[in-house]
Amino acid sequence: MYPYFYHYAPYEPDQSLLSDIVKAINGQYNAIACYEQLARMAKNVVERDRILEIRQDEIRHFQVFSQLYITLTGRQVYPHIIEKCPTDYKNGLQFALEDEQETVDFYLTVADKAHDSYIKESFRRAAADEQNHAVWFLYFYTKLCCDNT
Ligand SMILES: [Fe+2]
Ligand SMILES: [Fe+2]
């Protein structure tokens, strides 16, 4: 964890790392909103509950990244919605599984760039969760295709 005095460090923290953290926070904020919609469209209770569990992971990631930002800057971050969520289940799943996979790459890149071991570990852990989410969404997407044909 970061020592307390970091708030009062006489230099600005790494700007590129900060903008990555802001991007991660907005991505999580978006996912939390989209997965709430997606859960409502789920084909059955099992899928709905799984999507809600995934959403809980995103809320946790959101909190971890927000806390990182506060620790590094001493400031609060104000997230905003950056993309619209698809309004039907099939497109929603496709959007989610692509987004999760891109997020895995992004988080691993941030983890590699970061010098601090807590930041590295936070992004690696989140990347592992996103990988797992991608597999679930791909599974639901595949089931949807084959159930319909
Ligand atoms: Fe996440
Ligand atoms: Fe995810």
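# Briefing: an all-helix predicted model

Helices (H or I, at least four residues) and strands (E, at least two) are DSSP runs, numbered from the N terminus. This is a predicted model, in which local features need pLDDT of at least 70 and side-chain atom pairs count only at pLDDT 80 or more, while totals for chains, interfaces and linings use all residues. Residues are numbered from 1 along each chain as its sequence is written, and chains are lettered from A and ligands numbered from 1 in the order in which they are written.

**Overall make-up**

- The protein contains four helices and zero strands, in the order α-α-α-α along the sequence.
- Of its 149 residues, 27% are buried (20 or more other C-beta atoms within 10 Å of the residue's own; exposed means 12 or fewer, partly exposed in between; C-beta atoms are placed from the backbone).
- Counting contacts between residues at least 6 apart in sequence, 72% join residues at least 24 apart (a contact means C-beta atoms, placed from the backbone, within 7 Å).

- G74 follows helix 2 and has a positive phi, near 75°.
- Buried positions in helix 3 are G92, L93, A96, L97, D99, E100, T103, Y107 and V110.

**Packing of helices 1 and 2**

- The axes of helix 1 and helix 2 are 9 Å apart, at an angle of about 155° (axes are lines fitted to C-alpha atoms, for helices over the stretch in contact; angles run from 0 to 180 degrees between N-to-C directions).
- The two helices are therefore roughly antiparallel (angles over 145 degrees; under 35 is roughly parallel, 65 to 115 roughly perpendicular, the rest oblique).

**Nonpolar cores**

- The largest nonpolar core has 15 residues, and I21, I25, F65, L68, Y107 and F123 have the most contacts inside it (a core is a set of buried Ala, Val, Leu, Ile, Met, Phe, Trp, Tyr and Cys residues joined through C-beta atoms within 7 Å).
- At least two residues of this core come from each of helix 1 (15-41), helix 2, helix 3 (89-113) and helix 4 (117-147).
- Another core, of 11 residues, lies apart from it and includes A31, I54, A96 and F137.
- F65 touches I21, A24, I25 and Q28, leaving aside residues up to four places away in sequence.

Methods. Contact = placed C-beta atoms within 7 Å.
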